[in-house]
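Dear colleague,

I am handing over a structure that will be new to you. Please look through it first, and then read the notes that follow.

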Amino acid sequence: MKRIQYLLSLVILAVLIGCSKDDGDKKSPHVTIISPVENQEFARGGIMKLDAVFEDDVALNECRVNLEFVEALPVAPGASLKGIDTPWEPEEMVIPLSETVQEVKELVLFGGNIPYNIQSGYYRLKFDIYDLAKNPARAELVIIIE
């Protein structure tokens with residue numbers, strides 16, 4: 001009798017494990033960045049706006065935006081340095097997303113104006129997008145801050 005109960009328990013466990021297998025959402029989200037564009041120039045004191053379309057086959061969750069200094073702008077011989085030596089390092093910005101398609105228009109990145117007292121140069125904008133299943137996607141572009 002114990003053997004039958006043991007075998008029956010194993011069969012039930014196998015059925016439960018087999019039925020609970022869920023393929024889930026394995027497809028990464030996608031973003032189309034309309035603005036800014038690669039090598040777009042921004043002035044210190046100005047603002048940087050995002051126009052983009054986020055898409056996922058099941059459901060979007062969020063986009064994390066970061067800015068990374070790449071290199072200083074070249075300085076012509078005999079010219080004075082443009083700006084100071086400290087690159088801009090704003091805090092990560094999180095854009096909450098929902099649905100399967102979300103359009104963002106004229107969203108000011110990093111909460112306001114580009115500081116005046118930063119180093120001019122090439123900066124990399126990184127967009128890390130996640131859907132509800134935590135599938136990641138990344139888009140990057142280089143901008144110029146003068």
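A nonpolar core, as the term is used here, is a set of buried Ala, Val, Leu, Ile, Met, Phe, Trp, Tyr and Cys residues joined through side-chain atoms within 4.5 Å, where buried means under 20% relative accessible area, exposed over 50%, and partly exposed in between (1.4 Å probe, protein chains only). This is a predicted model, in which local features need pLDDT of at least 70 and side-chain atom pairs count only at pLDDT 80 or more, while totals for chains, interfaces and linings use all residues. Residues are numbered from 1 along each chain as its sequence is written, and side-chain values use heavy atoms, with hydrogens and water left out.

The largest nonpolar core has 27 residues, and those with the most contacts inside it are Phe 54, Val 65, Trp 88, Leu 125, Phe 127 and Ile 143. At least two residues of this core come from each of E3, strand E4 (60–72), strand E5 (93–96), E7 and strand E8 (136–145); strands (E, at least two residues) and helices (H or I, at least four) are DSSP runs, numbered from the N terminus. Leaving aside neighbours within four places in sequence, Phe 127 is in contact (heavy atoms within 4.5 Å) with residues including Ile 33, Leu 50, Val 65 and Leu 141.

Strand E3 (residues 49–55) also pairs with E6 in the antiparallel sense over 6 bridges, pairing being assigned if DSSP finds at least two bridges between two strands, and Lys 49 stands opposite Val 108 in E6.

Finally, Gln 119 lies in the loop between strand E6 (101–108) and strand E7 (121–131), and Gln 119 counts as buried because its relative accessibility is 14%.

With best wishes
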